[in-house]
Amino acid sequence: MRTYCAKDYYHASRMAANIISAQVIMKPDCVLGLATGSTPIGTYEQLIRWYEKGDLDFSETHSINLDEYKGLTAEDEQSYRYFMNTHLFDHINIDKKNTFVPDGTELDSEKACRAYEEIIRAHGGIDLQILGLGHNGHIGFNEPDSAFAKETHCVKLSESTITANARFFATIDDVPKEAYTMGIKSIMQARKIVIIVSGEGKAEIVKKAFLGPITPEVPASVLQLHNDVILVGDEAALAEYNKEVQ
């Protein structure tokens, strides 16, 4: 695993955007695995700036998102489809027909998950997967568990994840309790993975995930087994990790 330590969130976002832009330039028809949440917003903003300058062309690019809340429509302002449109897709020349997010309106979980796995397979897998890191070590919505979930599945969100996401909703009761998420196997089959972390609140889980034992109780720890992972973070998020590796 390679680690890039930036002085702050802005510079970490720029580093991650550099990796993504290089992928798009080298392989214009690449498949990007994209993530939502507050962490990648700065990265997407940088990609938009470079696109507006004429440095990037997404016209042939495909994207496959990690997850979506079960029960939310694409038009719901809290859905991840809405997030992606608002923070990236509406501002670049990607064809939205080539962008995929799990169908939150499909209430048949088995059908929804099976269809999403077929989308991943039909596109030949993911070239570059972007990940954030939850405070409990989750990636996508793969929560701590007794075993690694392999493929796209419906997950009951943990109380800590619901609490963390409550800031985006009017009340905590409005936060969906289930979500569709790409599984650990699906994520690990990506050819390259970039995980972005920021802030001192992530320092302990970064150390636990990347220097601790590989266990489904810390889902991100499985990334230690991938042969091409890049950890991009600011000094605060990497503080405890850097103490151990230096």
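In helix H2, the residues Gly42, Thr43, Tyr44, Gln46, Leu47, Ile48 and Trp50 are buried. Buried means under 20% relative accessible area, exposed means over 50%, and partly exposed lies in between (1.4 Å probe, protein chains only). Helices (H or I, at least four residues) and strands (E, at least two) are DSSP runs, numbered from the N terminus.

This is a predicted model, where local features need pLDDT of at least 70 and side-chain atom pairs count only at pLDDT 80 or more, while totals for chains, interfaces and linings use all residues. Residues are numbered from 1 along each chain as its sequence is written, and side-chain values use heavy atoms, with hydrogens and water left out.

Stay with H2. What do its buried residues pack against? They pack against helix H1 (9-26), strand S2 (31-34), helix H3 (80-87) and S9. Contact here means heavy atoms within 4.5 Å. H2 covers residues 41-52, twelve residues in total. The expected span of a helix is 1.5 Å times one less than its number of residues. H2 should therefore span 16 Å, and its end C-alpha atoms are 17 Å apart, which agrees. Just after H2, glycine 54 takes a positive phi of about 90°.

Now turn to charge. Side chains of opposite charge can pair when their charged atoms come close. A salt bridge is a side-chain nitrogen of Lys or Arg within 4 Å of a carboxyl oxygen of Asp or Glu. How many salt bridges does a search of the whole structure find? It finds 14.

One of them joins aspartate 127 and arginine 191, at 3.1 Å from N to O. This pair links distant parts of the chain, 64 residues apart. Aspartate 127 sits in the loop between helix H4 (109-122) and strand S6 (128-131). Arginine 191 sits in the loop between helix H6 (184-188) and strand S9 (192-197). Aspartate 127 has 6% relative accessibility, so it counts as buried. Arginine 191 has 43%, so it counts as partly exposed.

Other pairs lie within a helix. An α-helix has 3.6 residues a turn, so residues three or four places apart point the same way. In helix H7 (residues 203-211), glutamate 204 and lysine 207 are three residues apart, about one turn. Their side chains meet at 3.9 Å, N to O. Helix H8 (residues 239-245) holds lysine 243 and glutamate 240, also three residues apart. Their salt bridge is 3.2 Å, N to O. Lysine 243 is exposed at 59% relative accessibility, whereas glutamate 240 is buried at 19%.

Finally, Arg2, Lys192 and Asp228 are linked in a network of salt bridges.
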